[in-house]
Amino acid sequence: MNRKELVSEIQKKGSFLCVGLDVDMKKIPEHLLKEDDPIFAFNKAIIDATAPYCVAYKPNLAFYEAYGVKGIIAFEKTVKYLKENYPEQFIIADAKRGDIGNTSKMYAQTFFGEYDVDALTVAPYMGEDSVTPFLEGYEGKWVILLALTSNKGSFDFQLTEDKAGERLFEKVIRRSLQWGNEENMMYVVGATRGEMFEDIRAVAPKAFLLVPGVGAQGGSLETVCEYGMIEDCGLLVNSSRGIIYASQGEDFAQVAGEKAKELQQQMSAILEKK
């Protein structure tokens with residue numbers, strides 16, 4: 001999916017919501033555990049309930065790989081179900097890959113060639129030759145680089161400054177713009193960073209940002225939009241736990257749909273004002 005198509009969906013739905021599919025078998029409703037594939041059964045119900053209100057889904061690979069082959073099969077079935085039933089949805093594999101060039105090339109083949117997802121999160125620490133394999137030969141696919149995350153440990157490296165006062169996350173974004181562009185590269189920026197979105201936009205004024213942390217993690221949608229939204233939106237705001245685990249009863253899908261609709265309505269109002 002290219003940028004024009006993604007922006008079109010955002011405008012059509014009045015939403016820039018991404019639903020995170022972080023499936024923890026300990027948290028899904030008990031009645032689903034009787035299913036042959038509880039993970040896929042959960043995802044299918046969540047997707048059917050939330051698809052009218054979001055433009056993207058983000059399965060986190062750790063939550064599938066934790067269950068071995070069964071988890072990977074559930075991931076594959078989820079991607080296939082989305083492609084067959086909701087082809088307008090932007091699919092992000094949240095796998096945080098990134099290694100030496102030959103290995104990254106294989107990761108790219110896995111996610112863009114085999115699974116055919118739209119985007120993949122990538123760790124930029126190893127530099128250009130670990131990132132560019134994801135950008136070569138996969139038209140319409142996106143690399144989403146980790147830039148500024150919300151976790152406590154982000155202070156260990158991401159916010160450290162060099163002698164000129166440039167912080168590491170700024171250096172990462174600035175350098176990466178030499179490898180890709182706003183048509184094939186996004187950045188992960190945690191919602192709890194608030195006004196620092198201004199600093200992000202100073203370096204990457206046109207890039208799309210994938211923003212986790214709204215909802216259960218305490219990030220403010222209004223603040224993210226105030227400092228991070230651009231002319232064609234430029235944001236995909238992710239909510240995982242606040243939607244998919246809003247209820248653990250048999251009404252889990254219905255409640256998830258209601259939570260997604262609430263966020264969509266807030267986003268629609270913001271888009272209208274902008």
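In this predicted model, helix 4 has a face turned away from its buried side, and that face carries the exposed residues Val69, Lys70, Lys80 and Glu84. The buried side holds Gly71, Ala74, Phe75, Thr78, Val79, Tyr81 and Leu82. Among the helices are helix 2 (38-50) and helix 3 (62-65). Strand 1 (17-21), strand 2 (56-59) and strand 3 (90-97) also contribute.

The length of helix 4 was checked as well. The helix runs over residues 68-85 and has 18 residues. At 1.5 Å a residue, it should span 26 Å. The C-alpha atoms at its ends are 26 Å apart, which agrees with that expectation.

Gly14 sits in the loop between helix 1 (3-13) and strand 1. Its relative accessibility is 11%. The cut-off for a buried residue is under 20%, so Gly14 counts as buried. Gly14 and Ile270 are 256 residues apart in sequence, yet their C-alpha atoms are separated by 9.0 Å. With neighbours within four places in sequence left aside, Gly14 is in contact with Gln264, Met267, Ser268 and Leu271.

Charged pairs were examined next. Side chains of opposite charge can pair when their charged atoms come close. The count of salt bridges comes to 15. One of them joins the side chains of Arg3 and Asp232, with an N to O distance of 3.0 Å. This pair links distant parts of the chain, 229 residues apart. Arg3 belongs to helix 1, while Asp232 is in the loop between helix 10 (221-228) and strand 8 (235-239). Arg3 is buried, with a relative accessible area of 7%. Asp232 counts as partly exposed, at 25% relative accessibility.

A salt bridge also forms between Glu65 and Arg97, whose closest N and O atoms are 2.7 Å apart. Glu65 lies in helix 3 and Arg97 in strand 3, so the pair ties together parts that are 32 residues apart in sequence. Glu65 is partly exposed, with a relative accessible area of 37%. Arg97 counts as buried, at 16% relative accessibility.

Lys141 and Asp116 provide a further example. Their side chains meet in a salt bridge of 2.6 Å, N to O. Both ends of this pair are in loops, 25 residues apart. Lys141 is in the loop between helix 6 and strand 5 (142-148). Asp116 is in the loop between helix 5 (101-114) and strand 4. Lys141 is buried, with a relative accessible area of 11%. Asp116 is partly exposed, with a relative accessible area of 32%. Elsewhere, salt bridges that share partners join Asp162, Glu166, Lys171 and Arg174 into one network.

The surface also has a nonpolar patch. Ile100, Tyr125 and Met126 make this patch, which covers about 390 Å². Met126 is placed in the loop between strand 4 (119-122) and helix 6 (128-131). Its relative accessible area is 43%. A patch residue needs over 30% relative accessible area, and Met126, at 43%, is partly exposed.

Notes. Residues are numbered from 1 along each chain as its sequence is written. This is a predicted model: local features need pLDDT of at least 70, side-chain atom pairs count only at pLDDT 80 or more; totals for chains, interfaces and linings use all residues. Side-chain values use heavy atoms; hydrogens and water are left out. Patches are made of residues with over 30% relative accessible area and no salt bridge: like charges are joined within 9 Å, nonpolar side chains (Val, Leu, Ile, Met, Phe, Trp, Tyr) within 5 Å. Accessible areas come from the Shrake-Rupley method with a 1.4 Å probe; for residues, only the protein chains shown count as cover. A salt bridge is a side-chain nitrogen of Lys or Arg within 4 Å of a carboxyl oxygen of Asp or Glu. Helices (H or I, at least four residues) and strands (E, at least two) are DSSP runs, numbered from the N terminus. Buried means under 20% relative accessible area, exposed over 50%, partly exposed in between (1.4 Å probe, protein chains only). The expected span of a helix is 1.5 Å times one less than its number of residues. Contact means heavy atoms within 4.5 Å.
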